[in-house]
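Please read it alongside the structure shown here.

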Amino acid sequence: MIRLDKYLSNMTGESRSIIKSEIKKGNVIVNGSTVLKAENKIDEIKDEVIYKGESVAYSKYAYYMFNKPAGCVSATTDNTCKTVIDYLKNEQVSGLFPVGRLDKDTEGLLIITNDGELAHKLLSPKKHVAKKYYARIKGNLPTNVEKRFEDGLDIGDEKKTLPARIEVLQNAKTTESTDKLTGKTDNMTGNTDNITDVVISDRSDALPDEGPALFDSEVYVVITEGRYHQVKRMFKAVGCEVTYLERKSMGGLELDDTLRRGEYRKLTAEEINTLLNTLI
Ligand code: URA
C-alpha cells in the first residue's frame, strides 16, 4: 500500500504539491470514486487510478533526468567522490543506477533508472543511440573538422569511429600564436590591440554555468557510439583539446535547461515514450 499523492507523483513525474492540489480539486478517481485526501492509501497493483481523466498504470520502474555536475562520478558508490546517487534526495534509491558513464569532469544529461532492459538497449552498440554534446575546444579547429568527423577517425581502437556530426558554433580563429591570447586581460578591459580575429561566442544559451575559456572554439557534436572518452579522443585525433564537455541529449531526450547542475527530476511519460521510440 502507498499514499495516493506519492503514487501519483512517482508515476507521473509531477511534484507532490501539484498532485495534492489536483486531488483537492477532485481530479483523482480511485476505483470509480473521487478521492479528496492525499494521504489515502491505495494498492498500487490492484487499484484503478484516474488522474485528470487518464488512467495511471502502475510501473515498478523509475526514470530520472539528472544534470550531472563536474566532480560527480557516474557510479552508485565511491570511496572519495560524490556519486550520482548521492544527489537523489528522498528517493527510493535501491536498484537505481546511471545509464552509462560520463567522465568525472563532463556535465549534463544522465539518465538514472532501475530499468535494466531500457538501459541495456540505450547502451547497446547495435542501437546506435545518438548522443549530442556541447564541447569547448582549446584554440581553433582544423578547417576540415566536419568532414574528418563524418569520415570516422582512428582514435587508437581496432575500428575507426562511426560517422559523427559536428556543428561549429564558434571557431576561435586566431592569426597570431595562442600565446598572444594571454591578452585575455586586455580584452576584458576593452583593449584589443593584441588580439586579431578572435571570435567570442555570444551564445549564452550554450555556455555552461561557469568556466573561463574566452578563446575556445565551441561545437555541438553528435556521436552514435559510447566508447571510453570518445569525444575527447576524437578531438585529440584531429589535434585538438576538449576543455569543457556537456551532454545535451540522448536518444531524443533533451536535457531540461531549467535543471541546474546537480538537480534532477522524474522523466514524464512522454519523455519515457520518446526514449522507447528511439529504440524501435
Ligand atoms: N566523451 C568523452 O570524452 N567524455 C564523456 O564524458 C562523454 C563522451
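Cys72 is buried in this predicted model, with a relative accessible area of 0%. Buried means under 20% relative accessible area, exposed over 50% and partly exposed in between, with a 1.4 Å probe and protein chains only. Cys240 is also buried, at a relative accessible area of 8%. The structure holds zero disulfides; a disulfide is counted as a pair of cysteine sulfur atoms within 2.5 Å. In general, a disulfide is a covalent bond between the sulfur atoms of two cysteines. For Cys72, the closest cysteine sulfur is that of Cys81, and because the distance is 8.7 Å, it is too far for a bond.

The model is predicted: local features need pLDDT of at least 70, side-chain atom pairs count only at pLDDT 80 or more, and totals for chains, interfaces and linings use all residues. Residues are numbered from 1 along each chain as its sequence is written, and side-chain values use heavy atoms, with hydrogens and water left out.

**Val84**

Cys72 is among the residues that Val84 touches. Val84 is found in the loop between strand E7 (63–68) and strand E8 (97–98); helices (H or I, at least four residues) and strands (E, at least two) are DSSP runs, numbered from the N terminus. Its relative accessible area is 0%, so Val84 is buried. Leaving aside residues up to four places away in sequence, Val84 also touches Phe66, Val73, Ser74, Ala75, Pro98, Leu110 and Ile112, where contact means heavy atoms within 4.5 Å. Val84 and Tyr264 are 180 residues apart in sequence, with their C-alpha atoms 9.9 Å apart in space.

**Glu225**

Glu225 is found in the loop between strand E12 (217–223) and H6. With 15% relative accessibility, Glu225 counts as buried. Its side chain has a polar atom 2.9 Å from the backbone nitrogen of Leu162, and makes a polar contact with the side chain of Arg227 at 3.0 Å. A polar contact is a pair of N or O atoms within 3.5 Å; within protein, one must be able to donate a hydrogen and the other to accept it, and residues adjacent in sequence count only if both atoms are side-chain atoms. Not counting residues up to four places away in sequence, Glu225 touches Lys131, Thr161, Leu162 and Gln230.

**The ligand**

Gln230 is also one of the residues around the ligand, along with Leu102, Asp103, Thr106, Tyr133, His229, Val231, Lys232 and Leu245. The shell divides into four nonpolar, three polar and two charged residues; Ala, Val, Leu, Ile, Met, Phe, Trp, Tyr, Cys and Pro count as nonpolar, Asp, Glu, Lys and Arg as charged, and the others, Gly among them, as polar. Helix H6 (residues 230–237) supplies the largest share of the shell, three residues.

| Backbone atom of | Ligand atom | Distance |
|---|---|---|
| His229 | oxygen | 3.2 Å |
| Val231 | nitrogen | 3.1 Å |
| Lys232 | oxygen | 3.0 Å |

Taken alone the ligand exposes 230 Å², of which the protein buries 96%. Accessible areas come from the Shrake-Rupley method with a 1.4 Å probe; for residues, only the protein chains shown count as cover.

**Totals**

The protein has seven helices and 15 strands. Of its 280 residues, 45% count as buried. The protein exposes about 15500 Å², 47% of it supplied by carbon and sulfur atoms.

Definitions and conventions
Near = heavy atom within 4 Å.
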